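Dear colleague,

Please find below the structure for your review. My notes on what was found in it follow directly after it.

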Amino acid sequence: MWGTKLGFILAAVGSAIGLGNIWRFPYMTYSNGGGAFLIPYFTALILVGITVMMLELVLGHSTKGSAPLALKRLKAKGSEWIGWLGVMAGFVILTYYMIIIGWGAVYLLKILLGGFPTDFEGFFFNDILELSAGPGVLGGFSVSVLIAVVAVWLINFIIVNSGVKEGLEKTMKVFMPILFVLILALVIRGVTLVGGMEGIEWYLTPDFSKLTDVQIWIDACGQVFFSLSLGFGIMIAYSSYLPKKSDITRNAFIISLMDSGFSFLAGFAVFGTLGYMAVSKGVPFEEVVAQSIGLAFIVFPQALSLMPVGGEILAAVFFFCLIIAGISSSASLLESVTSSVMDKFNVSRRKAVVAVTICGLLCGLIYTTKGGLYWLDIVDYFFSKYMLLIVGILEVLVAIWICKGDKLVTYIDSRSELKIGKLWKYVVGIIAPLILLVILAQYTLTFLSEGYGGYEWIYLYLGLGVVALSFIVSFALPFLPWPKKVESWDEFVEKEQNDDESDMNGKQGKITKSDSGVDA
């Protein structure tokens, strides 16, 4: 159980804020009409992000279980596998997410010990990753990355093994304030650099003509869904640890808006610094801007290296931000899988987290090889673009239309100051899945016509094989028995309410006896 409401909020926000907030959102905004992109983004945040966030919070809170147990309670047969599918997606993503944090740790250490390199691209791809010629050439391990990844797994193990209150909550109470302070320092430095405001102008100047492009609205919806950690089972697990009297609606708004606010803020740091780089090199801004790992590991450090003083300190701050943001998300992924194992197999937290850590580390070893970047790119493509959307759609359809839509509305409103009524049911039950289906269809059509990343189809099929294996495991696990009878949603919620009323009556009885001075 969370010790405080603040502890839950910081942990949930820490889960949502990850590497993508720093290296993906700013570029998405820039390439999709600048300030005009915020219109579809916030529209998607309300229609998809906050509504689905509310659904996952109420599923966890009302069932007091991980994603598989929550879905099992909703419908006695046939829906548990959807919970496992989300957990499997989280597990696979966890195996390569640790690698990216490991890259950041190695990069940070090398800069602190040796200063900036002269060739940033060669430094990252050759010195750190020791990148091979292609996915078919694994080429052995990149030893420095392997050591860093083992260390990152160990840190995550310690956090999650320490429990919800002593591990996750205490860690996020330290990590989140540090992360916001560090990113604020980067923002202040970025916007005060020569050319910094020109970079911000590129970041935010609205191009409203782009609003007529359907692709921008799809990109905005995709960004919101991925950024809020929806579909992994994380928010279901986290909200299951909330006290009974928790305002679900308010928590959903706070988590979603803080995640979006951090992304928006990070854009000022990134684009202010890139603006300085463009002015320093005397080149157009379009020639310095980049996205994804190219922005984080090549362009941004290079921009910081151009500063006459303090560049290495700021680079250290930047990579420390990446590591903190990464660990805050990876620990939540590990918790999601661990809590599911604990629920299903009735094992202690220590045994569950040991098992998940060993399995995750072993499964992720391929990404620490010299061909690991290619495999990370392929697997990430299928899981971040397809699996999470599939889980989100299935979750919504089962929860709203097959099982407990109206009852979930009643449950949320009974615990929230802001009453959402049936409007939420129709938005999350119709609009959100339709939007997610459109995105899924668009991704599928693009993949079928173009493939992905120029990879040969044999490697893409192997990536699809990981998706297929996740489905097989998710279908198989429900056949294993639960350690004790799983009450249905109605039975469980009624029992919880009866317990609450008994507690209340007991307290009132004590107060009455105390006031009247009558002994039992």
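Phe 175 is buried, because its relative accessible area is 18% and buried means under 20%, with exposed over 50% and partly exposed in between (1.4 Å probe, protein chains only). Leaving aside residues up to four places away in sequence, Phe 175 touches Ile 324 and Ile 327, where contact means heavy atoms within 4.5 Å. The C-alpha atoms of Phe 175 and Ser 328 are separated by 7.5 Å, although the two residues are 153 apart along the chain.

As to provenance, this is a predicted model, in which local features need pLDDT of at least 70 and side-chain atom pairs count only at pLDDT 80 or more, while totals for chains, interfaces and linings use all residues. Residues are numbered from 1 along each chain as its sequence is written, and side-chain values use heavy atoms, with hydrogens and water left out.

Overall fold

The protein has 20 helices and 0 strands. Its radius of gyration is 24 Å, which agrees with the value near 24 Å that a compact globule of 520 residues would have; the radius is taken over C-alpha atoms, and the globule rule is 2.2 Å times the number of residues to the power 0.38. Along the principal axes, the C-alpha atoms fill a box of roughly 85 × 45 × 45 Å. Of the 520 residues, 57% are buried. Among contacts between residues at least 6 apart in sequence, 85% join residues at least 24 apart.

Pockets

Points are joined across faces, edges and corners, and a volume is the space filled by probe spheres set on them.

The largest pocket holds about 1,300 Å³ of space. Its lining has 47 residues, and Trp 23, Arg 24, Ser 292, Asp 380 and Ser 384 lie nearest its centre. Helix H17 (residues 372-414) gives the most to this lining, with 8 residues. By class, the lining divides into 23 nonpolar, 18 polar and 6 charged residues, where Ala, Val, Leu, Ile, Met, Phe, Trp, Tyr, Cys and Pro count as nonpolar, Asp, Glu, Lys and Arg as charged, and the others, Gly among them, as polar.

The second largest pocket has about 540 Å³ of space. Its 24 lining residues include Met 88, Phe 91, Val 92, Thr 95 and Cys 363, which lie nearest its centre. This lining comprises 21 nonpolar, 3 polar and no charged residues.

Cavities

The search finds 3 cavities of 30 Å³ or more. The largest cavity has a volume of about 80 Å³, and helix H20 (489-516) gives the most to its lining, with 5 residues. That lining has 3 nonpolar, 3 polar and 5 charged residues. The second largest cavity contains about 50 Å³, and its lining has 5 nonpolar, 4 polar and no charged residues.

With kind regards

Key
On a 1 Å grid over the protein atoms alone, a cavity is a set of points where a 1.4 Å probe fits but cannot get out, and a pocket is an open set with protein on both sides within 12 Å along at least five of seven lines; lining residues have an atom within 4 Å of a point. Helices (H or I, at least four residues) and strands (E, at least two) are DSSP runs, numbered from the N terminus.
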